[in-house]
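Let's take a walk through this protein together, one stop at a time. Have a look at the sequence and the fold, then read on.

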Amino acid sequence: MDIALRHLQVVLTVAEAGSISRAAASMKIAQSGLTTQLRRIEQGFGGPLFRRRADGVVPTELGMHVLGRARELLDDFGDLVATARTLARPAELPEAIALGGVDGPWVLRIARLIQDRFPRHEQLTYLESCSETVLDLLRTEKIALAVVGEFPDVVAPSLREFSVRDLGTEPLLVGLAPTHRLAHRRAITLEDLAGETWVAPGDRSDGLGLSLRIACERAGYTPRFRYFGADQATAAAIVSGGGAVGVFPATGGPWPGLVTKPLGDGRLCAGHGWPGPPDRRWPGWPRRSTWARSTAEGISPRRRRRGCGRTPSAPRPCPGRRSRGRSPAS
């Protein structure tokens, strides 16, 4: 006969009961039926698993081996069932707070804020390659909050159907190796970087790559992208080694071994918005009003200015940034 998990459970039950009669009683089957079933199981293993005595049964050497492995297999199977059921649960659990965005410092900042304010809630974070994909998750209610970005000269996603909180505009910094010829300057321009080798913004940088290319072309050259697909940490390692220059968010880092410089002309920047489900009030969303309002209040205007790295010399807001409907700050 083919041995199955249910047969291993029978063997364990007999061993724990210490006798076939007690095992049959606990399993609520006839003793003769259990005896017949146990005999077939022993035939399947190729030898007796128990030695019969007047006061019950004791495992044989083969039985000890089978019992040891049976416990492991049954425990592993139980873990498999439990983890599979956990993974099969829908992402939008009532107690879960789901956030989505393009990989960047603001997503991580808000994710940490949610975790700090609501430690008993499961916190889910979805990182996507573009803001439009993030908004699709919001439309289908797979997430409840989103962080989307806008870049100069790149068509921004439509946010008309959402309630939006503006997180502000931050400058983008150029990363240089400490030995780079421009590392001593306080600020540089894109014209200064003509002829340099660049690390292309990563696959999850939304429209930054196109915005950088257009800005460089306006400065009179096409950027020489030679490194592709690198995340920010990998890009920083490449730049710090002197192999190229790259663009980094002001709110990111610190980047060990990297010198970051602002662009004096303010051509590169990133605007960030925080859309949520449409509602007349911000952010009193059905079923989520308490934690949504608390999270929103955790990002005050003062914290936003400091988080975006704004200083008196910071560049102006993204040129041509669209005006969109926003809800008042809390």
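Cysteine 130 has a relative accessibility of 24%, so it counts as partly exposed. Here, buried means under 20% relative accessible area, exposed means over 50%, and partly exposed is in between (1.4 Å probe, protein chains only). Cysteine 216, at 0%, is therefore buried. The structure holds zero disulfides, a disulfide being a pair of cysteine sulfur atoms within 2.5 Å.

A quick word on where all this comes from: the model is predicted, local features need pLDDT of at least 70, side-chain atom pairs count only at pLDDT 80 or more, and totals for chains, interfaces and linings use all residues. Residues are numbered from 1 along each chain as its sequence is written, and side-chain values use heavy atoms, with hydrogens and water left out.

Now for the inside. In soluble globular proteins, nonpolar side chains tend to be buried together. A nonpolar core is a set of buried Ala, Val, Leu, Ile, Met, Phe, Trp, Tyr and Cys residues joined through side-chain atoms within 4.5 Å. The largest one here has 22 residues, and Leu190, Leu193, Trp198 and Leu268 have the most contacts inside it. Strand E6 (163–176) and helix H7 (208–218) are the elements that give two or more residues to this core, and H7 gives the most, with four. Those labels are DSSP runs numbered from the N terminus: helices (H or I, at least four residues) and strands (E, at least two). Apart from this core lies another, of 18 residues, including Val14 and Phe50.

With a relative accessible area of 16%, leucine 173 is buried. What does leucine 173 touch, not counting residues up to four places away in sequence? Its partners are Gly246, Val247, Phe248, Ala250, Thr260, Lys261 and Pro262, where contact means heavy atoms within 4.5 Å.

Next, hop over to helix H1 (residues 5–17) and helix H2 (residues 20–27), whose axes come within 8 Å and cross at roughly 120°. Axes are lines fitted to C-alpha atoms, for helices over the stretch in contact, and angles run from 0 to 180 degrees between N-to-C directions. H1 and H2 are therefore oblique to each other; angles under 35 degrees count as roughly parallel, over 145 as roughly antiparallel, 65 to 115 as roughly perpendicular and the rest as oblique. Val10, Thr13, Val14 and Ala17 of H1 meet Arg22, Ala23, Ser26 and Met27 of H2.
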